[in-house]
Amino acid sequence: MLGDRQRETLVQFLDAIAELCAPCQDQAKIGALKEKVDVALALLERDFPLSLQVKGHIACMINATCYITHKSWNGLVYI
């Protein structure tokens, strides 16, 4: 159903979320993690424009995950 570019973007986004949701984070790698999440969110906006999100069922998952991603930076546990 998804094109190759959209599939790669979704996988990259989910990988970033998985890394963000790890039980603890290495403080030295926070900058790289933030960049990875920022890139994944930018690609998500590129490959899943709002017009597609509104029409598809993926909209709720993407919008909720974007909200969680942006709000999660305050709750990171550093090692």
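This is a predicted model: local features need pLDDT of at least 70, side-chain atom pairs count only at pLDDT 80 or more; totals for chains, interfaces and linings use all residues.
Me: OK. Which residues of α1 are buried?

Reply: Thr9, Leu10, Phe13, Ala16, Ile17 and Leu20. Looking down the helix axis, they fall within an arc of 125°, so they line one face of α1.

Me: Why would residues three or four places apart point the same way?

Reply: Because an α-helix has 3.6 residues a turn.

Me: Which residues are buried in α2?

Reply: Ile30, Leu33, Val37, Ala40, Leu41, Leu43, Leu44 and Asp47. They cover an arc of only 165° around the axis, which puts them on the same side of α2. The face turned away from that side carries the exposed residues Ala32, Glu35 and Glu45.

Me: At what angle do α1 and α2 pack?

Reply: At about 150°, with the axes 9 Å apart. The crossing is left-handed.

Me: Which residues meet there?

Reply: From α1, the list includes Phe13, Ala16 and Leu20. From α2, it includes Leu33, Val37 and Leu44. Phe13, Ala16 and Leu20 are also among the buried residues of α1.

Me: New topic: arginine 5. Is it buried or exposed?

Reply: Exposed, because its relative accessibility is 52% and the cut-off is over 50%. Arginine 5 is in helix α1.

Me: What does arginine 5 contact, leaving aside neighbours within four places in sequence?

Reply: Arg46 and Asp47. The side chains of arginine 5 and aspartate 47 are joined by a polar contact of 2.9 Å.

Me: How many residues apart are arginine 5 and aspartate 47 in sequence?

Reply: They are 42 residues apart in sequence, but 7.4 Å apart in space, C-alpha to C-alpha.

Me: Last one. Where does glutamine 25 lie?

Reply: In the loop between α1 and α2. Glutamine 25 counts as buried because its relative accessible area is 7%, and buried means under 20%.

Me: Which backbone oxygens does its side chain reach?

Reply: The side chain of glutamine 25 reaches that of glutamate 19 at 2.7 Å. It also reaches the backbone oxygen of leucine 20, at 3.4 Å.

Terms used
Residues are numbered from 1 along each chain as its sequence is written. Side-chain values use heavy atoms; hydrogens and water are left out. Buried means under 20% relative accessible area, exposed over 50%, partly exposed in between (1.4 Å probe, protein chains only). Helices (H or I, at least four residues) and strands (E, at least two) are DSSP runs, numbered from the N terminus. The arc is that of the directions from the helix axis to the C-beta atoms. A polar contact is a pair of N or O atoms within 3.5 Å; within protein, one must be able to donate a hydrogen and the other to accept it, and residues adjacent in sequence count only if both atoms are side-chain atoms. Axes are lines fitted to C-alpha atoms, for helices over the stretch in contact, and angles run from 0 to 180 degrees between N-to-C directions. A crossing is left-handed if the near helix is turned anticlockwise from the far one by less than a right angle, and right-handed if clockwise. Contact means heavy atoms within 4.5 Å.
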